[in-house]
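I opened my notebook to look up a few features of one protein model. My entries follow the structure.

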Amino acid sequence: MDTLAQYEAAIVACRDIFIKKAKDYGTSWRVLRPISVVDQIFIKAQRIRNIQEIGTQKVDDNIEGEFKGIVNYGIIGLIQMEQHGNPYTDLPVAEVERLYTKYINMVKEVMEAKNHDYGEAWRDMSQESFVDLILTKLLRVKQILRNQGKTLISEGIDANYVDIINYALFALIKISEE
């Protein structure tokens with residue numbers, strides 16, 4: 001198991017979707033306010049949880065695609081934290097690619113540091129746990145937003161997005177191993 005190669009492969013698949021959608025739709029996601037980004041991720045995570053619990057699904061979109069969506073909305077969340085200006089103006093695709101690379105590299109650095117310290121504990125976790133942890137992080141972000149973005153001792157919104165993205169990437173790796 002080469003974690004870094006598996007991680008990179010999962011990123012490539014997510015990035016490919018992100019860039020193709022930027023070409024199709026532009027950067028329409030720029031109009032999303034912070035709570036809307038959180039809710040988009042929540043919808044995807046809740047759908048995965050429902051499918052896990054019920055054991056069936058009626059919409060063809062698979063769980064793997066939902067985890068990819070979580071990764072990409074997490075990147076949107078990170079980008080949105082620093083983007084200013086007119087949200088109705090599209091960013092050029094080259095700028096979208098640059099921003100995606102910037103934030104996914106940051107996420108990857110955190111993964112490598114935590115993997116070192118935790119000894120790849122995620123490999124022994126279930127897909128259900130990844131979803132529950134993502135939902136927990138989303139509820140934390142919602143509370144931080146209610147607190148006008150301020151925390152007393154806790155990590156901020158950006159750190160929660162990083163963890164959400166990494167949990168989704170770990171789930172994608174485990175799906176690829178099945």
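These notes cover a helix contact, one glutamate and a pocket.

**Ground rules.** The model is predicted, so I took local features only at pLDDT of at least 70 and side-chain atom pairs only at 80 or more, while totals for chains, interfaces and linings use all residues. Residues are numbered from 1 along each chain as its sequence is written, and side-chain values use heavy atoms, without hydrogens and water.

**Entry 1: H4 and H6.** I looked up helix H4 (residues 93–118) and helix H6 (residues 157–177). Helices here are DSSP runs of H or I with at least four residues, numbered from the N terminus. The two axes come within 10 Å and cross at roughly 75 degrees. Axes are lines fitted to C-alpha atoms over the stretch in contact, with angles from 0 to 180 degrees between N-to-C directions. H4 and H6 are therefore roughly perpendicular (65 to 115 degrees). I found Val 107 and Met 111 of H4 among the contact residues, and Leu 169 and Phe 170 among those of H6. Contact means heavy atoms within 4.5 Å. The contact residues divide into nine nonpolar, two polar and two charged. Ala, Val, Leu, Ile, Met, Phe, Trp, Tyr, Cys and Pro count as nonpolar, Asp, Glu, Lys and Arg as charged, and the others, Gly among them, as polar.

**Entry 2: Glu 66.** Is Glu 66 buried or exposed? I noted a relative accessible area of 7%, so Glu 66 is buried (under 20%, with a 1.4 Å probe and protein chains only). Glu 66 lies in helix H3. Leaving out residues up to four places away in sequence, Glu 66 touches Lys 44, Arg 47, Ile 48 and Asp 61.

**Entry 3: the pocket.** H3 gives the most to the lining of the largest pocket, with six residues. A pocket is an open set of points on a 1 Å grid over the protein atoms alone, where a 1.4 Å probe fits, with protein on both sides within 12 Å along at least five of seven lines; lining residues have an atom within 4 Å of a point.

Conventions: Helix = DSSP H or I, 4+ residues; strand = E, 2+ residues; numbered from the N terminus. Parallel < 35°, antiparallel > 145°, perpendicular 65-115°, else oblique. Buried < 20%, exposed > 50% of the residue type's maximum accessible area, 1.4 Å probe, protein only.
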